[in-house]
Amino acid sequence: MAFSPASLPILKGIPHFLLLSLLFTLAMACGDKKDTKTASMDEDIAPPADALFQKVPSSASNLHFKTQFQEDFFNNIVRNPNFYNGGGVGIIDINNDGLQDLFFSSTTGECKLFLNEGNLKFRDITATAGVATPEGFKTGVSVADVNGDGWSDIYVCRAGLKEGDQRRNLLFINNKDNTFTESAKAYGVDDPSPSNHSNFLDYDLDGDLDLYVINFPTDFSLAHKMDLEQLPDGKIVRNTKPRTEFDSDRFYRNNGNGTFTDVSKQAGIQNRAFGLSSIVQDWNGDRYPDILVANDYIEPDFLYINNRNGTFTDQAKTSFRHMSNHTMGRMRWTSTATASRISWDWICSRKTTNGKRTEYRYENRSVQNAQQLRVSSANDAQCAATQ
Ligand SMILES: [Ca+2]
Ligand SMILES: [Ca+2]
Ligand SMILES: [Ca+2]
Ligand SMILES: [Ca+2]
């Protein structure tokens, strides 16, 4: 049956150009839905012949994992904006056979460990490995040989708003037989703060790995407020001192005997920000590792330069001409070194005021002069406008 707008009483009196506009909009909406549905069903579209990567379906790899989000009074998006951040992935050769195995942390469910049996086939060994840990709110995963025995271990951060033992971070020491023993308390790294991630680094170059842990305050009312204080001389400055014992990132020194000591205060790591991730690299070319921390919301990122005496100094303000708000941790820092020169690039993300994400690319061709940091990307004009 042919359709005529005038044949429907409800449409009488509406100008034809409005009707046509309405019908066109509806048609486009229907078309969009169809395209979306088609796209979602076409997951197995063959990649181009020259594609660098090939998708390996979970049916072939036996990698079956889905992070779990069990909502309750403390764990929900209203009270905890980090609730749906997701967990982490650790790439680790647990049995030193040269094949990389995979560990996944699940926010409120069981973590999973998959043994790589070759030919991209994996076996779920969670049940026997001793790493499931369904308790608590798991976040970032770090892989390192924490006790220096030649076998990789796993450090898992835990967060959430609720204080208690289920928020303490976990250290799985490799038993060298495809099982692990949770040993965070014994090693002194069972950080009770809300932690998002961690880095192992040898900050004192004594041959063992020390630990930087990213923590964040649970008072999210501070997320968009600039906390200012007036000094005795009248000068108004930003206050980023921790308000509670759990707010600050922490630094743990490896004592070389299977224990760590929290040396945060001595090392100059006393802060309050909503950190999401960090990377470690020798920023200034003095062989001592430095730490760059990506902070969410209003607080600036940290660039902790290693003072080579057991302390760090945040030099972000004097090293960058521009810094992102809401740094989400999408940072990449690569380096190529020659005898006389080191070059690197760093990509970070920034939310603009209208909510759209913009990427800025920074390049520095000489670590001898970090002040020469310059913006170099298609977003030059935008970057320049924000400086
Ligand atoms: Ca392996
Ligand atoms: Ca080990
Ligand atoms: Ca060390
Ligand atoms: Ca350094």
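**Close-up views of a predicted model**

**View 1. Strand 13 pairs with strand 10 at Tyr212.** The bridge partner of Tyr212 in strand 13 is Phe251. This is a predicted model. Strand 13 covers residues 250-254 and is joined to strand 10 by three bridges. The two strands run antiparallel.

**View 2. Strand 9 pairs with strand 10.** Strand 9 spans residues 195-201, and six bridges tie it to strand 10. Here too the strands run antiparallel. One bridge can be picked out by its residues: Leu201 has Asp210 as its partner in strand 10.

**View 3. Strand 10, buried or exposed?** Strand 10 comprises residues 210-215 and is mostly covered, with six of its six residues buried. Side chains in a regular strand alternate between the two faces of the sheet. In strand 10, Asp210, Tyr212 and Ile214 point one way. Leu211, Val213 and Asn215 point the other way. Both sets are buried.

**View 4. The largest nonpolar core.** How many residues does the largest nonpolar core have? The count is 48. Phe103, Val131, Ile154, Leu171, Phe172 and Leu211 have the most contacts inside this core. Leu211 also belongs to strand 10, where its side points away from that of Asp210, Tyr212 and Ile214.

**View 5. Contacts around Val131.** Which residues touch Val131, leaving aside its neighbours within four places in sequence? They are Phe103, Cys111, Leu113, Thr126, Ile154, Phe172 and Phe180. Among them, Phe103, Ile154 and Phe172 are also listed with Val131 for the most contacts inside the largest nonpolar core.

View 6. The order is 1-2-3-4, and the pairing is antiparallel. Strand 1 (89-92) and strand 4 (122-124) stand at the edges. Each has a single partner strand, so one side of each lacks a neighbour in the sheet. Neighbouring strands of this sheet are turned by 20° against each other on average, direction ignored.

**View 7. Strand 1 against strand 2.** Four bridges join strand 1 to strand 2, which covers residues 101-104. The two run antiparallel. Ile92 has Asp101 as its bridge partner in strand 2.

**View 8. Confidence along the chain.** The protein chain averages a pLDDT of 80, and 73% of the residues score at least 70. Over residues 1-42 the pLDDT is below 50. Beyond near neighbours in sequence, that stretch has five contacts in the model. Residues 359-387 also have a pLDDT below 50. For this second stretch, the model has 48 contacts beyond near neighbours in sequence.

Notes:
Residues are numbered from 1 along each chain as its sequence is written. Chains are lettered from A and ligands numbered from 1 in the order in which they are written. A nonpolar core is a set of buried Ala, Val, Leu, Ile, Met, Phe, Trp, Tyr and Cys residues joined through C-beta atoms within 7 Å. A residue is buried if 20 or more other C-beta atoms lie within 10 Å of its own, exposed if 12 or fewer, and partly exposed in between; C-beta atoms are placed from the backbone. Two residues are in contact if their C-beta atoms, placed from the backbone, lie within 7 Å. Two strands pair if DSSP finds at least two bridges between them. Axes are lines fitted to C-alpha atoms, for helices over the stretch in contact, and angles run from 0 to 180 degrees between N-to-C directions. pLDDT is the predictor's confidence in each residue, from 0 to 100.
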